[in-house]
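Please open the model in your viewer and keep the sequence panel beside it, as this tour moves from one selection to the next.

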Amino acid sequence: MSCEHLICARCAGPVVEGRCATCRAARAEIHHSGPLAISPILIGALILALTFVIALKFGLH
Ligand SMILES: [Zn+2]
C-alpha cells in the first residue's frame, strides 16, 4: 500500500497532497518509514521459513 492511495480522516483528501497538518504529518511519517515498511514482511517470511525448517527437521526424525 502506497501513500497515493491513503485518504485523510481529517480533510478527506489524498494524504499525498498534504492539504492539512494531519496529511503532512502522515505523509512525512510514511516517507520516513518507507524502507522500514518492508521489514515486518521480511521478519514474517523469516519466521515462516524458520518454522518450516524446524518442522522439517522434527518431521525427519
Ligand atoms: Zn488531511
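Is C23 buried or exposed? C23 is buried, because its relative accessible area is 0%, where buried means under 20% relative accessible area, exposed means over 50%, and partly exposed lies in between (1.4 Å probe, protein chains only). Before going further, note that this is a predicted model, in which local features need pLDDT of at least 70 and side-chain atom pairs count only at pLDDT 80 or more, while totals for chains, interfaces and linings use all residues. Residues are numbered from 1 along each chain as its sequence is written, and side-chain values use heavy atoms, with hydrogens and water left out.

**The zinc site**

Select the zinc ion next, together with the SG atoms of C8, C11, C20 and C23, which coordinate the zinc ion at 2.2 to 2.4 Å; donors here are N, O and S atoms within 2.8 Å of the metal (3.2 Å for Na, K and Ca), and since water is not among the atoms, sites may look incomplete. The angles among the four donor atoms run from 100 to 118°, and the site is tetrahedral, a term used for four donors if all angles lie between 85 and 135 degrees. For comparison, the ideal angle for four tetrahedral donors is 109.5 degrees. Along the chain, the donors follow the spacing C-x2-C-x8-C-x2-C.

A search of the whole structure finds zero disulfides, a disulfide being a pair of cysteine sulfur atoms within 2.5 Å.

Now select A12, which is found in the segment before α1 and has a positive phi of about 60° although it is not a glycine. Most residues other than glycine have a negative phi. A12 counts as exposed, at 59% relative accessibility. A9 also has its place in the segment before α1, and is exposed with a relative accessible area of 84%. Drawing a distance between the C-alpha atoms of A9 and C23, which are 14 residues apart along the chain, gives 8.8 Å.

**The salt bridge**

Move to R19 and E17, whose side chains meet in a salt bridge at 2.8 Å, N to O; the term requires a side-chain nitrogen of Lys or Arg within 4 Å of a carboxyl oxygen of Asp or Glu. The structure holds one salt bridge. R19 counts as exposed at 51% relative accessibility, while E17 is partly exposed at 46%.

**Helix α2**

Finally, select L50, which lies in helix α2 (residues 39-60) and counts as exposed at 54% relative accessibility.

Definitions and conventions
Four donors count as tetrahedral if all angles lie between 85 and 135 degrees; four count as square planar and six as octahedral if opposite donors are over 155 degrees apart and all others between 65 and 115; anything else is irregular. Helices (H or I, at least four residues) and strands (E, at least two) are DSSP runs, numbered from the N terminus.
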